[in-house]
Structures are given as structure tokens and as C-alpha cells.
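Please prepare a briefing on the structure shown below.

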Amino acid sequence: MTVVPTMRFAQQAQADISRLSAELAELQRQISSGKSVDDLRTLGDGSTRLIATAGLISMDENRVRLGKEIEARIRLQASAMQRASSSAIQFVRTIREAALNKDGGNLSTGLEFAFANLRQAMNESFNGAPLFGGERVGDPPIKINSLPALAMVTTQTEVFDEAARKPRVDLGGDLALDVADRASEISWDSFRALRDLKRYFDAEPTVLRPRINDEQAKDLLILAEALENAVGKIQEAESRNGFKLERVEAARTQLQSRVLTLRQELSSQSETDLAAVSTRLAMLQTQYQATGQTFASLSRLTLLDFLR
């Protein structure tokens with residue numbers, strides 16, 4: 001008589017069903033979460049590398065955000081300085097035309113316009129902080145607000161209210177730089193040239209009218225040259241600003257590239273390969289159905305089945 005070890009087969013089938021159920025549940029979790037591990041303990045020694053990689057990604061993403069903010073600020077700085085220099089250069093042309101044509105009728109308006117644009121540009125702000133006020137927030141760096149007040153100035157400190165230090169940013173690696181020059185470094189020479197023009201116009205009011213004389217024309221040409229030289233300081237600051245923008249953009253691009261690489265590394269360590277998991281899931285479901293049918297068949301056997 002052949003002995004059928006039904007009980008052992010049934011127990012084995014039941015164990016297989018339990019194992020397959022657990023594995024199916026894990027695969028379904030991976031598909032739904034997109035993660036190949038449920039927690040860091042699953043990775044064992046690899047958890048340290050995973051934590052370090054995630055930390056680097058977070059740090060670099062913060063630096064990318066900071067880089068974008070600094071880029072926006074530097075572009076605004078460029079716009080402000082360009083506005084200041086272009087209006088001053090336009091006034092230089094106005095002065096030379098007045099000397100050539102012996103007509104100073106446009107000089108007063110030109111001076112007002114150049115002063116207003118220079119003051120406004122140096123007082124420009126970004127997110128509540130003056131662009132050219134140094135490492136500070138709050139009041140703008142240019143204290144004077146009129147040409148009569150400028151005419152009374154004798155020292156630099158009467159014009160500027162700035163922090164001692166410049167704003168500085170560190171984007172990692174070798175890129176740590178001062179974001180902006182201070183207003184006094186950029187514009188003191190220009191304010192002084194405009195002050196000298198204002199004093200001259202006050203001392204020689206007839207120069208502001210048509211039919212100026214030859215001596216006044218010569219004086220105007222000297223003052224125009226002084227202002228043109230002063231504007232050179234603004235243009236030098238513009239050039240430095242452009243170089244800073246290039247460096248920050250390059251650093252931000254490099255950081256974004258590194259974040260992408262690190263994310264791919266993190267994905268290889270912890271994220272699910274959906275194609276492989278789906279294939280495995282289909283295979284296990286087939287096994288589970290076959291094992292379930294076997295267990296169901298064995299469960300229905302009675303003593304009569306053994307006696308037959």
C-alpha cells in the first residue's frame with residue numbers, strides 16, 4: 001500500500017502560500033511607493049552612503065536656490081549701474097553740445113536728471129536690502145536728496161551711509177565672493193563731479209542761458225571731461241558685476257548637474273526598478289495561484305480518500 005504524506009504536503013503548501021503572500025505584499029509596496037527599501041535598516045551598511053548622498057543633494061539644492069537668487073540680484077545691480085552710467089554719459093554730451101553751440105539752456109535740466117538717476121540707481125534694493133549699501137538691510141546708502149544738499153558736500157561720509165562690510169555669498173567649492181561693491185566705491189567720483197558742476201552753475205548762472213561766452217565754454221569742457229572720467233568708475237563696477245554673474249551662473253549650472261548625478265545614484269540605491277518588479281510580481285502571482293489550488297485540493301481530502 002502506498003502512503004500519501006498528505007499532512008506534510010499540506011503544511012508545505014501552507015508555508016509556501018505564507019511566503020508568497022509576504023513577497024507579493026513587498027513587491028506591491030515597492031510598486032506603490034517607488035522605493036525598493038522600506039527603511040534604512042533594510043540597506044544595512046549601505047544606509048550610511050544613502051544618508052550621505054541625500055545630505056549632499058539637500059545641500060547642493062539649497063546652493064542652487066541661493067545661486068538663482070544671487071543671479072537675479074546681480075542682474076538688477078547691472079541694470080541699476082547701466083542706468084546711472086548712461087544718464088551721466090548723456091549729460092556729458094549735453095555739456096559738450098552746450099559748449100560747442102554756446103547755449104546752456106539744457107544744462108540745468110540735464111544736471112537734475114543725471115543726479116536723480118545716479119541717486120536712484122545707488123539706492124536700488126532687492127528683497128528689502130539696498131544693493132549697494134554693504135552688508136545691511138534698511139535705509140538706502142545715499143543720504144542726500146537734492147542738488148543744493150550735494151553742493152554743500154565736502155567729504156564722502158556726508159553722502160553715503162553704508163555698512164563696513166560687503167554682502168558675501170559662498171556657493172561651495174572655490175566660489176566665495178562679494179556680491180556687490182558699495183555705493184561709495186562706485187559713485188563717489190560721479191557725485192563729486194556733479195557737485196562741482198552744481199557749484200559752477202551757482203557761481204556762473206549765466207552759463208545756463210543762451211549765448212554763453214568762450215571762457216564759460218572752456219570751463220564746461222573741463223567739467224564734462226571730469227564727469228566722463230568719473231563715470232569710468234561706474235563702468236568698471238559694471239564690468240566686475242558681469243564677471244561675478246558669469247561665475248555664479250557657472251557654479252549654479254555645475255551644482256545642478258551634480259544634483260542630477262547624485263539623484264541617479266540615490267535612485268540606484270533605493271528606488272524600485274518597476275519593470276523588474278512587475279515581471280517578478282507576475283511570476284509570483286502564477287506560483288501563488290498554483291500553490292493555492294494545491295492547498296485547496298489537499299484541504300478537501302477525507303479519510304475515505306485514503307481508503308480508496
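The briefing below takes these topics in turn. The model is predicted. In this model, helix H3 (residues 107-122) packs with helix H5 (residues 183-203). The structure also holds 1 cavity of 30 Å³ or more, and the largest pocket has a volume of about 170 Å³.

**Packing of H3 with H5**

- The angle between helix H3 and helix H5 is about 160 degrees, and their axes lie 11 Å apart.
- Because angles over 145 degrees count as roughly antiparallel, H3 is roughly antiparallel to H5.
- The crossing in which H3 passes H5 is left-handed.
- From H3, the contact is made by Leu107, Leu111, Ala114, Phe115, Leu118, Arg119 and Met122.
- From H5, the residues that make the contact are Ala183, Ile186, Ser187, Ser190, Phe191, Leu194, Leu197, Lys198 and Phe201.

**The largest pocket**

- The lining of the largest pocket consists of Arg63, Leu171, Gly172, Gly173, Leu175, Ala251, Gln254, Leu255 and Arg258.
- Helix H6 (residues 214-270) gives the largest share of this lining, with 4 residues.
- The lining residues of the largest pocket divide into 4 nonpolar, 3 polar and 2 charged.

**The largest cavity**

- The volume of the largest cavity is about 50 Å³.
- Its lining is formed by Gln77, Met81, Phe132, Val179, Ala180, Asp181, Ile186, Ala237, Arg240, Asn241 and Lys244.
- Ile186, one of the residues lining the largest cavity, is also one of the H5 residues in the contact with H3.
- Helix H2 (46-101) and H6 each contribute at least two residues to the lining of the largest cavity.
- The largest share of that lining, 4 residues, is supplied by H6.
- Among the lining residues of the largest cavity, 6 are nonpolar, 2 are polar and 3 are charged.

**Glycine 128**

- Glycine 128 lies in the loop between strand S1 (125-126) and strand S2 (129-130).
- When its neighbours within four places in sequence are left aside, glycine 128 is in contact with Val137 and Gly138.
- Glycine 128 and aspartate 139 are separated by 11 residues in sequence and, C-alpha to C-alpha, by 9.4 Å in space.

Key:
Residues numbered from 1 in each chain as written. Predicted model: local features only at pLDDT ≥ 70, side-chain atom pairs only at ≥ 80, totals over all residues. Heavy atoms only, no water. Axes fitted to C-alpha atoms, helices over the stretch in contact; angles between N-to-C directions. Parallel < 35°, antiparallel > 145°, perpendicular 65-115°, else oblique. Left-handed = near helix turned anticlockwise from the far one by under 90°. Contact = heavy atoms within 4.5 Å. 1 Å grid on protein atoms, 1.4 Å probe; cavity = no way out; pocket = protein on both sides within 12 Å on 5 of 7 lines; lining within 4 Å. Points joined across faces, edges and corners; volume = space filled by probe spheres on them. Nonpolar A, V, L, I, M, F, W, Y, C, P; charged D, E, K, R; others polar.
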